Amino acid sequence: QVQLVESGGGLVQAGGSLLLSCGASGSTFGLPAIDWYRQAPGKQREWVAGISRLGSTNYADSVKGRFAISRDNASKTVYLQMVSLKPEDTAVYYCSAQSLGVWGQGTRVTVSS
């Protein structure tokens, strides 16, 4: 059973940066494709970014140019570097291995204006 654990959330001022991490553990033959989602208060969960097993990346239009997703297969970790943060980026961020139906517990990001 694969587990995903997010970390790196916190409180930051608008314009600031945060680096989120998603670590995979448990039975896995390597790090699968990973997606980051977020859910703001009172809103539906939305897809933010994804990275394939081979490293291909995709981003939601709302974060393109500000967020960067990357992976370290050796440590089974996927990162989400977030810069130029805006108050509307405030949400709980989740990583997910969709192919395995696995989600992390989430890490909260709060961007103050």
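Guide: What follows begins with the chain as a whole, turns to the open sheet strand by strand, and ends with some neighbouring parts.

This is a predicted model, in which local features need pLDDT of at least 70 and side-chain atom pairs count only at pLDDT 80 or more, while totals for chains, interfaces and linings use all residues. Residues are numbered from 1 along each chain as its sequence is written, and side-chain values use heavy atoms, with hydrogens and water left out.

The secondary structure of the chain comes to 0 helices and 11 strands, where helices (H or I, at least four residues) and strands (E, at least two) are DSSP runs numbered from the N terminus. For the overall form, the C-alpha trace spans about 45 × 25 × 20 Å along its principal axes. The radius of gyration of the chain is 13 Å, which agrees with the value near 13 Å that a compact globule of 113 residues would have; this radius is taken over C-alpha atoms, and the globule rule is 2.2 Å times the number of residues to the power 0.38. Buried residues make up 42% of the 113 residues, with buried meaning under 20% relative accessible area, exposed over 50%, and partly exposed in between (1.4 Å probe, protein chains only).

Now to the sheet itself. Its 4 strands stand in the order S1-S3-S8-S7, and the pairing is antiparallel; two strands count as paired if DSSP finds at least two bridges between them. Strand S1 (2-7) and strand S7 (67-72) each have a single partner strand, so they stand at the edges and one side of each is left without a neighbour in the sheet. Neighbouring strands of this sheet are turned by 15° against each other on average, direction ignored, where the axes are lines fitted to C-alpha atoms and angles run from 0 to 180 degrees between N-to-C directions.

Between S3 (residues 18-26) and S8 (residues 77-82), which run antiparallel, there are 6 bridges, and leucine 19 has glutamine 81 as its bridge partner in S8.

S7 and S8 form a hairpin with 4 residues between them. Lysine 76, which lies in the loop between S7 and S8, has a positive phi of about 55° although it is not a glycine, and at 25% relative accessibility lysine 76 counts as partly exposed. Beyond S8, in the loop between S8 and S9, lies serine 84, which likewise is not a glycine and yet has a positive phi of about 50°; serine 84 is partly exposed, with a relative accessible area of 39%.

From S9 one can go on to S11 (residues 107-112). S9 and S11 run antiparallel and are joined by 3 bridges, with valine 92 opposite arginine 108 in S11. Strand S2 (residues 10-13), by contrast, pairs with S11 in the parallel sense over 4 bridges, and leucine 11 stands opposite threonine 110. In S11 the covered face holds Thr107, Val109 and Val111, while Arg108, Thr110 and Ser112 form the uncovered one.
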